[in-house]
Amino acid sequence: MLINACYIISFFFQKEVFSITGKSWINVIIVFWALYTTRLLYDVFLAKVSLSVPLWELLAWGLGSSLVSGVAACLFAPFKDLGRVLYKTIEFGVLLLGISVICFALKPGFDQGGFYLDHLNAITAANAGCSLVLLGLSSLIVRDYCLNPYCYSKCISFLGIIIGSFIVVFSATRGAILAMLIISLFGIWSAKGSLFTRFSFSTSGLLITFSIGIFVVVVLSNSGLLLDKVFTSRLWDTVLTRIEFWKLCFKEFLTSPFYGIGFNLQSLLGSLEIEQGIYFPHNYFFESLAIGGLLLTLPLLACFLIPITKVFSLSRANFLHLSLTLLAMQVVIYSMHNGHLGEYPAFWLILGLVAGRAKEFN
């Protein structure tokens, strides 16, 4: 938070503020978090709502994590060589996540049945692995030097895909596995008909498929606990639980469609007693509708519709554009439905990067 805040402050001293590319997106995200914070403080101090999660955590996630990182990313994107930054992310991901996988294999080992630590949510780990896979895949799809001057090693990209796939599969998070496969297939399919990419399905494509397939089989066969988690009989119970949360949110939204019911939502979800410790519907859209009604949800829709409409209007598939497209798909398809507002800052960070490069997409 401090690093991002310092960057934002320094930006206003060094750059021409009125030439900000993503100025409209920055205004929207500030409006959203201002409304969210106002409702939160009103509920706690005036309406005397009893929160199930400490106030400081909600403020830290919302203002300190999501708002500041989103604004900083939007300001950062137009003035930096973002393609190089994203390729460096693959290299650092291979190094750091690779080390974490090795440490995990040593202790606690595969018998734990999932890639997570005592204070690390498996969903967060799966998000990191999925991002590494998509960045590695983008660098393999776009091999033309003019469109991707950063990718000088196929080995790094393959390692990124293998390490990322391990983390996604071994996190035992079905949504992340499904999202990774769907988005990867979309990336390959969209590049197939593009004249701007040089992706050989007879070599690289088959090698990726074969490597990941062997890897997944080996991992699954060596962990009975992981198999039980991925193919658990409670799969549909989990899906129906989420739908029940969403139904409650929509029902409460209908009672107060403009302002919502506020943070009473936390106690209402907890009172369902479907699952312990669930105070959020795991869906940004329904959570926003219930907490702040249309007043809060309209800025949220603008926050991700403004960048998404830009990134999918691409006319050429260079490494930067393809990477941002796949990452934007990840945060909207998966991240947006597996946490609560503010909990996963990469949602706001990726959308900020896309919004910051909006002029190029036009």
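**Exercise 1: Helix α2**

In α2, the buried residues are W25, I26, V28, I29, F32, W33, Y36, T37, L40, D43 and V44. Keep in mind that you're looking at a predicted model.

Task: Work out what covers the buried residues of α2, and what α2 reaches from its first C-alpha to its last.

Solution: 
- Start with the cover: α3 (55-76), α12 and α14 are included in what lies over the buried residues of α2.
- Then count and span: α2 has 23 residues and reaches 33 Å between its first and last C-alpha, close to the 33 Å expected at 1.5 Å a residue.

**Exercise 2: α2 against α12**

Task: At what angle do helix α2 (residues 23-45) and helix α12 (residues 284-311) pack, and are they roughly parallel or antiparallel to each other?

Solution: 
- Take the geometry to begin with: the packing angle is about 165°, and the axes lie 9 Å apart.
- Now apply the cut-off: angles over 145 degrees count as roughly antiparallel, so α2 and α12 are roughly antiparallel to each other.
- Check the handedness: α2 passes α12 in a left-handed crossing.
- Next, find who touches whom. From α2, the contact uses W25, V28, I29, V31, F32, L35, Y36 and R39; from α12, it uses S288, I291, L295, L296, P299, L300, A302, C303, I306 and P307.

**Exercise 3: Placing H337**

Task: Where is the place of H337, and is H337 buried, partly exposed or exposed?

Solution: 
- Locate the residue: H337 sits in the loop between α13 (319-333) and α14 (346-356).
- Look at the accessibility: the relative accessible area of H337 is 26%. Buried would need under 20% and exposed over 50%, so H337 is partly exposed.
- List the partners: apart from neighbours within four places in sequence, H337 is in contact with R242, H282, N283 and V332.
- Compare sequence with space: H337 and G175 are 162 residues apart along the chain, yet their C-alpha atoms are 9.2 Å apart.

**Exercise 4: Stepping back**

Task: How many helices and strands does the protein chain have, and how many residues of α5 are buried?

Solution: 
- Tally the elements: there are 15 helices and zero strands in the protein chain.
- Go to helix α5 (residues 122-141): 18 of its 20 residues are buried, leaving α5 mostly covered.

Terms used. Residues are numbered from 1 along each chain as its sequence is written. This is a predicted model: local features need pLDDT of at least 70, side-chain atom pairs count only at pLDDT 80 or more; totals for chains, interfaces and linings use all residues. Side-chain values use heavy atoms; hydrogens and water are left out. Buried means under 20% relative accessible area, exposed over 50%, partly exposed in between (1.4 Å probe, protein chains only). Helices (H or I, at least four residues) and strands (E, at least two) are DSSP runs, numbered from the N terminus. Axes are lines fitted to C-alpha atoms, for helices over the stretch in contact, and angles run from 0 to 180 degrees between N-to-C directions. Angles under 35 degrees count as roughly parallel, over 145 as roughly antiparallel, 65 to 115 as roughly perpendicular and the rest as oblique. A crossing is left-handed if the near helix is turned anticlockwise from the far one by less than a right angle, and right-handed if clockwise. Contact means heavy atoms within 4.5 Å. The expected span of a helix is 1.5 Å times one less than its number of residues.
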